[in-house]
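Subject: Structure handover, disulfides

Hello,

Please find the structure below. My notes on its disulfides follow.

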Amino acid sequence: MKLSQAAIFLTTVAISHIDQSHAVNFIVIQPDDLQFYDDWSPPPYLPWNRRYPGKSYPGSSTLPWINKLRSDGLEMTSAYTAAPKCGTSRYSTVTGRYPSRSSHGRMQAQNTGVTSPSDASIPNTKLRDILSVTDGQDCTTSNLAQVLKANDFETGMVGKWHLSKTNTVGDSIDGVRAAINECGFNDVEAMYPDNMDPSFQGWYDSSWSHNMEYVAHKAVEFIEDNVDKNWFLYMNPTVPHSPDVADAMTKNCLITPDGDFSTTNNPNGVAEPTDWCVEGMTTPDADGNCDCMAYRETIKTRAAGSVANEDLGSIWVDDAIGAVYKALERTGQLSETFILFQLDHGQAEKDKIWEGGIRIPQFIHYPDGLGTAGRSFHGMVSTIDIAPTILDFAGLTEEYSMDGKSWKGAIDDDITGDEWKANRCLAFESGTERAVRCGCHKYVMMNDSSPEKLEAESNSWWTGNEALFNLCDASGNYIVADSLTPSPEAVNIIDDNQELADQLKALLDCHLLKTNASADPIYQECTLNGDPITTTTVAPGPVAPIGPPQLLSSNPAQNDAVSGDSTVINAKVFDDDIRRVRFRVQLPNSTRLSFTDGVKVSSNGDESGYEFAVDTTVKGKYGIMLELIDFSGNTESIPSDGSWMTFLVAEKAADVVNSARAEIATIISDHPTNLAAKFVRMGFHDCVGGCDGCVDMLNGDNFGLDVPIEALQPVVDLYSHTDFGVTRADLWVLAALEGASGSQDTLEPREFAMEWVGRPTCEDLNSVCVDNNGNDNGCSEDRGPHRELPSPDLDTKELLAYFQAEFDYQEAWETVAIMGAHSLGTLSRENSGFNGINGWLGNTRDLNNAYYDDLMGGASDLDDFETLMESADWEQVYVNNEDIGTPNRWEYERGVDPHFVMLNTDIALVRDLSEGLIGDEGEVSECQVRCGRRNGNGCALPRCPHAEETWEAVKTYKFDNEEFLADFEVSFKKMLTTGAETDAGCASSPCTVPTISRRNLKKNYLRK
Ligand code: HEM
């Protein structure tokens, strides 16, 4: 397989190795909403406010520890965040990428139909894997913590996180912690999932709030526990952000999100000592506990009576940094620890791309690497540079593509340093606004409702949707806050500098192109004339003489399947310039092995072969990644986007099924819609006429199924292997089984095992698949043979007959049970899967007997018949659906916004509608389920009689969920083997289905 013959565009870093005799540790400290202080080289004053940040009291003199990091370290005087908001800034720090790269944001942009990159709204930057977008492994691969962890660093996180979609990770501290662990941080302590304001996902409890002593305590504990290791700690103080800091300081610091340590250790009402002592922040009280109150009084004194969040909070953060500093000193690690302090964004104009929003202070304290004389660097650096820089200082290569680049080589090199000051280009993203700064000039692109534009216009500085600013003085130096100098951003110089503006605009267009959410990501640096630079050499060193190394072929190739307990991977490379080929393997349990050199086994002119043996005793999905290194030290990663080439190792169908099922479960939980329900519906529609992994998307009844088909595609690509007899049709069935079994909310959910494999697909069966014009152009997953799906207007008898004819259901309960699948999706007019991805959004429901509860009244199966005949408020109404493009029809509704909907086929389980079901729009003219006002009939019509055949089964399920699930499983499995001869039984599943037959449908049961 030819992987990459085109030029490779990568930021390359000089290769060296960690000197194991010399430790290096990293701390990144990023407080929430801290402000710039006047003596920290702040950006120019805001155009409308000569003071920055609006007030200077009490000022940074109250922050000795942060000032020490600055005065004894390296001050970045032109540091930026890639995006001026909490989550986006953190995302760029942790990944080395622009927030527009975030897989979560790209998926949202794709789902909302954003086509123009600048319409994609930033922030949408959770650290999540979204496998449906290319290079979507932000969590498990493409972040700093993962790379360091894979290289034997201990990784930790304390304080505010904000990078998980918390309502999808279990809404518990442990759930969020597990999600953060997944993303590479081994040790997650004193963790606050999000903002603590009551409006934020419910992460609020009035008994606890900010607690910097606890955060500092856990940071110190991490530092002390890892003296013998290399480590990385991401420390995120929750202050000075809201909620109210003064109020937080009145709360007992032993009460935390992790529990109330003042009482849980205290069974007899006597407080027992905890180990909660933080140097400089606590004092022992009478019970031997470490008390925070006396210390907190000193904060108030130092804030000189101010109760403002920024004044109290900044001092609290500073003391926590002091505690960390002292712990490093105490454990002898201070000089070998690289401490990077920065703000998440400029607090003066948070969320906007004014300099007051994007410029941040950044100080690095690292005695062994930078000395302690105090120095500064004036080149432009960004949060996206932190990850590559840290890897560079650690002596590690990047293992995935980043936007940022290491400044390690630039700070000591006058030429490169000047280049970073005068010519480097950085992009900035916020909402739908974008900006670039190259050297002195900054170009801003806005739309009519951009806040920056509205601010500029209302203050009469300038108008228009584009602006160009000169941020430098006459000597080419960046203008810092100075009350005598007008803000450069109050003056739009675009009219007199159109050519320069065009150049910067081209550069911004290049940035938008390479970060376009609906295209595969491109990792290239954009130059001033808009052309991408092909290779960037960051560290000093020779440039490759003949271009980047190339991989010509590899085996196993992507999506191959192999068997055996050991597999030899071989790669053919273009050999003019290759010195080493290194292989890395990811095991089925996601563990990554270290890079290992391959053995050169052949050499033939321009090509060489390298081999590498992998132990494949454990069956499942393996990933491989290669690194080609040339004689100049340049590297090329394959695949270049940091993803893995995957191949499957299996001995038998069961290995394939188990592995695929685990992957399907992940895809379901990562998907923004209730994919479990969509897989179940897809299973039903596919198996009408025989399960063959094909549906006809020209049939309107199948609308919406494109979503599950597409979501399952990666699983189909990897796991449908004839060698093991597992087909696409089987994987569709497997997805339906997993969708149903994973949606149970009971203590002992049923497993819904996959008992049969080997279902031929519609292509294998040489089916006839005609298009709109009646031409058979071949079959595929979305161009299946035309199958008539059941009309929504069948009465009870017709419904039973349909399911008998189609799925061989002989007993009424089989049909009643299968219809319980509708508990998975509450249909509403506004929320229909016919609208594709937008339908059924967020409609996460369980597979349970709730459906029958909606159909029948009563609180006990012993209730009298009249009580049971009461049902929820279902009333027939005529609905005009022209506005949403689905047919007008009569249906049963209740509730408003959304209107919940039932169809005649649902109601037919409890009511005999045979009298008076007329027309092709579903009207029942002679009786009604419940009299009411919606249809204007009042109680004019008699009540429809009960449905004799199905009534008992509905009653049983309504009052017994276990019974329902047991029967559902039987009916569902029967459905999912439609067309297969399975009567012989199956001793050890999965068994291969011997034959597939076609049943002739009885047309009279179909759509009226
Ligand atoms: C007479 C029989 C049936 C009719 C007329 C029917 C009709 C429908 C309709 C109109 C929808 C709404 C589609 C939308 O707006 O997105 C729906 C949803 C659904 N149906 Fe059925 N259905 C029937 C039987 C079944 C069966 C037997 C199953 C499964 C075994 C099933 C599973 C589902 C599921 C899971 C949904 C929700 C889909 C989602 O959330 O995306 N249905 N059905």
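The link of C425 and C438 is right-handed, with 115° about the S-S bond. It joins distant parts of the chain, since C425 sits in strand β15 (residues 425–430) and C438 in strand β16 (residues 433–438), 13 residues apart. Their sulfur atoms are 2.1 Å apart; a disulfide here is a pair of cysteine sulfur atoms within 2.5 Å. Strands (E, at least two residues) and helices (H or I, at least four) are DSSP runs, numbered from the N terminus. C425 is buried at 16% relative accessible area, and C438 is buried at 8%. Buried means under 20% relative accessible area, exposed over 50% and partly exposed in between, with a 1.4 Å probe and protein chains only.

This is a predicted model, in which local features need pLDDT of at least 70 and side-chain atom pairs count only at pLDDT 80 or more, while totals for chains, interfaces and linings use all residues. Residues are numbered from 1 along each chain as its sequence is written, and side-chain values use heavy atoms, with hydrogens and water left out.

The structure holds eight disulfides. Another one joins C139 to C183, S to S 2.3 Å, and is left-handed at -110° about the S-S bond. C139 lies in the loop between α3 (103–111) and α4 (144–150) and C183 in the loop between α5 (173–182) and β5 (187–192), so this pair ties together parts 44 residues apart in sequence. Both C139 and C183 are buried.

C694 and C762 are also joined, S to S 2.0 Å, with a left-handed link at -85°. C694 is buried at 4%, and C762 at 0%.

Regards
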